[in-house]
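Please open the model in your viewer and keep the sequence panel beside it. The tour goes from one selection to the next and says what is there.

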Amino acid sequence: MKSPINSNSGSATDDDESATISDEYDATTETDTDVVSKDGAVESVSTPFRQGEKVLAYHNLRIYEAKVLEVDSKEKRYYIHYLGWKQKWDEWVGIDRLMNINNENLQKQKALENELKPKNPNMTKGMKRKTMSKGTVSYEKLIDIHIPSSLKKHLVNYSEYITHMGKLVKLPCSPNVDDILKMYLEHRSNKDGRELDLAGEVVSGLRCYFDKALPAMLLYKTESQQYQQATANQISPSKIYGAEHLLRLFVKLPEILYNANIEEETLRELQHNLQDFLKFLQKKQSLFFLSTYETPDGSCTIE
């Protein structure tokens with residue numbers, strides 16, 4: 001799914017050419033579904049979502065409104081249709097990709113949309129590409145960076161902490177971005193020479209992009225004063241900030257790399273390495289996302 005949907009409703013407008021769901025999917029079934037076991041016995045398997053039920057579903061960087069078309073109770077997976085989108089986007093997803101539609105989860109959807117909005121409009125000048133019929137930006141040429149669901153939750157949670165609770169990540173972070181990048185390079189040290197060289201280039205590039213992008217497009221307004229104080233001695237952001245802010249960079253990287261005029265073959269290798277880094281970040285998240293926050297008065301909490 002390459003193009004963003006309307007963040008206000010999660011569905012398309014009336015003139016969208018997306019496919020509609022036929023009436024055969026409108027009937028809902030009970031939560032308990034009968035499954036035939038290997039010995040021929042009929043077992044009742046409980047599933048949290050029903051056929052025909054409307055849900056919220058993670059896809060890449062966003063949360064979309066969807067409808068459950070089929071339920072595979074045995075494998076605990078669901079075939080869903082993204083409302084307002086063509087049928088070619090219908091897919092089987094695991095339970096970890098779905099949420100009930102309620103006020104709390106709608107707030108998460110809204111918070112994630114706000115997280116994806118440019119923090120500094122000036123940084124996006126010159127980045128506009130040809131638009132689709134409804135005027136939404138086409139992402140066909142952007143590099144596809146898949147952020148794992150477990151990491152997306154950190155983006156959503158932190159957005160709630162700062163926008164609704166007035167909390168900030170306590171600085172300096174340990175480990176900081178520079179530490180994390182060095183640990184990743186050590187993790188890749190058992191690879192052959194060429195791959196290690198490429199990993200080194202990726203690490204250097206991430207550090208450079210992070211230091212430049214952080215003040216321009218990765219901070220909330222309420223974090224600006226904290227940034228000014230933390231970098232008053234010309235310390236690089238990568239030596240102060242940690243995984244929470246580094247993860248925000250990956251939300252912005254597709255647009256940043258689009259404007260870097262990188263050759264297609266190099267871009268494919270880069271995409272592979274960026275995904276490998278995210279897997280490393282996911283595997284070590286209990287070490288990197290320590291989640292110590294502070295309020296403007298200096299009091300600290302650990303979430």
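Select Gln 234 first: this residue is found in the loop between helix 5 (224-230) and helix 6. Helices here are DSSP runs of H or I with at least four residues, strands are runs of E with at least two, and both are numbered from the N terminus. Gln 234 has a positive phi of about 60° although it is not a glycine. Its relative accessible area is 71%, so Gln 234 is exposed. Buried means under 20% relative accessible area, exposed over 50%, and partly exposed in between, with a 1.4 Å probe and protein chains only.

The model is predicted: local features need pLDDT of at least 70, side-chain atom pairs count only at pLDDT 80 or more, and totals for chains, interfaces and linings use all residues. Residues are numbered from 1 along each chain as its sequence is written, and side-chain values use heavy atoms, with hydrogens and water left out.

Next, select residues 243-258 and 264-283, which are helix 6 and helix 7. They pack at an angle of about 170°, with their axes 12 Å apart. The axes are lines fitted to C-alpha atoms, for helices over the stretch in contact, and angles run from 0 to 180 degrees between N-to-C directions. Helix 6 is therefore roughly antiparallel to helix 7; angles over 145 degrees count as roughly antiparallel, under 35 as roughly parallel, 65 to 115 as roughly perpendicular and the rest as oblique.

Show the side chains at this contact. Helix 6 contributes Leu 246, Leu 247, Phe 250, Leu 253 and Leu 257, while helix 7 contributes Leu 267, Leu 270, Leu 274, Phe 277, Leu 278 and Leu 281. Contact means heavy atoms within 4.5 Å. By class, the contact has eleven nonpolar residues, no polar and no charged ones. Ala, Val, Leu, Ile, Met, Phe, Trp, Tyr, Cys and Pro count as nonpolar, Asp, Glu, Lys and Arg as charged, and the others, Gly among them, as polar.

Move to the loop between strand 8 (168-169) and helix 3 (177-187), where Pro 172 is found. The peptide bond from Leu 171 to Pro 172 is cis, with omega near -5°.

Now select two cysteines. Is Cys 173 buried or exposed? Cys 173 has a relative accessible area of 13%, so it is buried. Cys 208, at 38% relative accessibility, counts as partly exposed. The disulfide count comes to zero, where a disulfide is a pair of cysteine sulfur atoms within 2.5 Å.

Go on to Lys 76, in the loop between strand 4 and strand 5 (77-82). Lys 76 is not a glycine, yet it has a positive phi of about 55°. At 35% relative accessibility, Lys 76 counts as partly exposed. Asp 72 lies in strand 4 (residues 62-72) and is buried, with a relative accessible area of 18%. Which residues does Asp 72 touch, not counting those up to four places away in sequence? They are Arg 77 and Trp 92.

Finally, zoom out to the whole chain. The secondary structure comes to eight helices and ten strands. Of the 303 residues in the protein chain, 44% are buried.
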